[in-house]
Amino acid sequence: MDLEDELRQAMADHVTELSAPGDLAAGAKRRHHRTVRRRAAFAVGAAGVIVAAGMIPAYNTIHPQTVGADGPEGRKQGQQTTRTLSTSPTPSTDVPSSSPGAGPKGSHPAGRPTRQSDDTPNPGLSTVKALLTYLPHGLTAKPCTTEHTGTKDTKTCRWSGSSGWIEVRLVHGKGLKSPSDLKLAPVVAKAFRVHGHQGLRADGPALPNQIMWIERQGLGVWVGVSPSLGGSMTRIAEGVNVT
C-alpha cells in the first residue's frame, strides 16, 4: 500500500463516524427558494425603476409644462398667469391735462409755451376769411394784425394777389361817432352811404381807393383797394361782414 492509498483509507475511516442531519435536504431547499425569491424581487424592482424612468420623458412630451411652473399642474398655472396678464389694463399713452382744475383737454400749465398744431386753423385767417362776403378772383388772405394807438384798437386784414390788393381796418374806440373821427379820410373825400350808414369815399390815382364809415358807435370801418380793383370798390365795401 503506497502513501496515496493510506491517505484515502484514513479519510474514509474519519468520515465514517460522521452522519448528515435529517433536515439537511429540507434546509437546502428553503435556502434555495429564499435565494430565488430575492432575485425575483430585485428583478421586479429594477424593472419598475426602468419603466418609471422611461415614462417621465413620455409624460413631458404629452403634457408640456409652462416655463417657470412647478409640478404636473404647471400647464394650468401657466395658462392662468397668461390670462391674468392679458386682461391687465394697458397703461394709457394720453397726456393728461396739466392744469390744476378741470380745464379743457390738452391745456398746458401757465408759463409753458404751447405749440400750435399744423392742422389747427390760424385764428387770424379764420377772421379774415369771414370778413368779406365778396372777394375778387386771384386774391389770398393774410393773417390779421392788431395795433393799439392811444384809445384806439385797429385790426388790419389784407388780401393780395395777381389782380391787386384789398385792405380792411376795424377801428374800436369810445369816441368814434362819425367817419371823420377815424382821422383816415383824405381832403378830397366825399359823402357816401354804406350799409345804410353815412360814410366817406375817396377815389384817385394818387391815393388808394377808399371808403370809411361808422358801423355802430365805437366801431369804424375803413376799406381800401388797389387802383386795379377800383371798379369793384362799392361791391367790396358792401360785402364787409362786421359782427
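**Salt bridges and nonpolar cores**

Arg158 is partly exposed, at 32% relative accessible area (buried is under 20%, exposed over 50%, partly exposed in between; 1.4 Å probe, protein chains only). The model is predicted, so local features need pLDDT of at least 70 and side-chain atom pairs count only at pLDDT 80 or more, while totals for chains, interfaces and linings use all residues. Residues are numbered from 1 along each chain as its sequence is written, and side-chain values use heavy atoms, without hydrogens and water.

The count of salt bridges is 3 (a side-chain nitrogen of Lys or Arg within 4 Å of a carboxyl oxygen of Asp or Glu). Arg158 pairs with Glu167 at 2.8 Å, N to O. Glu167 is buried, at 11% relative accessibility. Glu167 also bridges to Arg169, at 2.8 Å. Arg169 is partly exposed, at 24%. Arg201 and Asp203 form a salt bridge at 3.0 Å. Arg201 is buried at 16%; Asp203 is partly exposed at 46%. Shared partners link Arg158, Glu167 and Arg169 into one network.

The largest nonpolar core holds 23 residues (buried Ala, Val, Leu, Ile, Met, Phe, Trp, Tyr and Cys joined through side-chain atoms within 4.5 Å). Trp159, Ile166, Val168, Trp213, Val221 and Val240 touch the most other members. At least two residues each come from β3 (152–161), β4 (164–172), β7 (209–216), β8 (219–225) and α5 (233–238) (DSSP runs numbered from the N terminus; helices H or I, at least four residues; strands E, at least two). β8 gives the largest share, 4 residues. A second, separate core has 7 residues, among them Val171, Leu176, Ile214 and Trp222.
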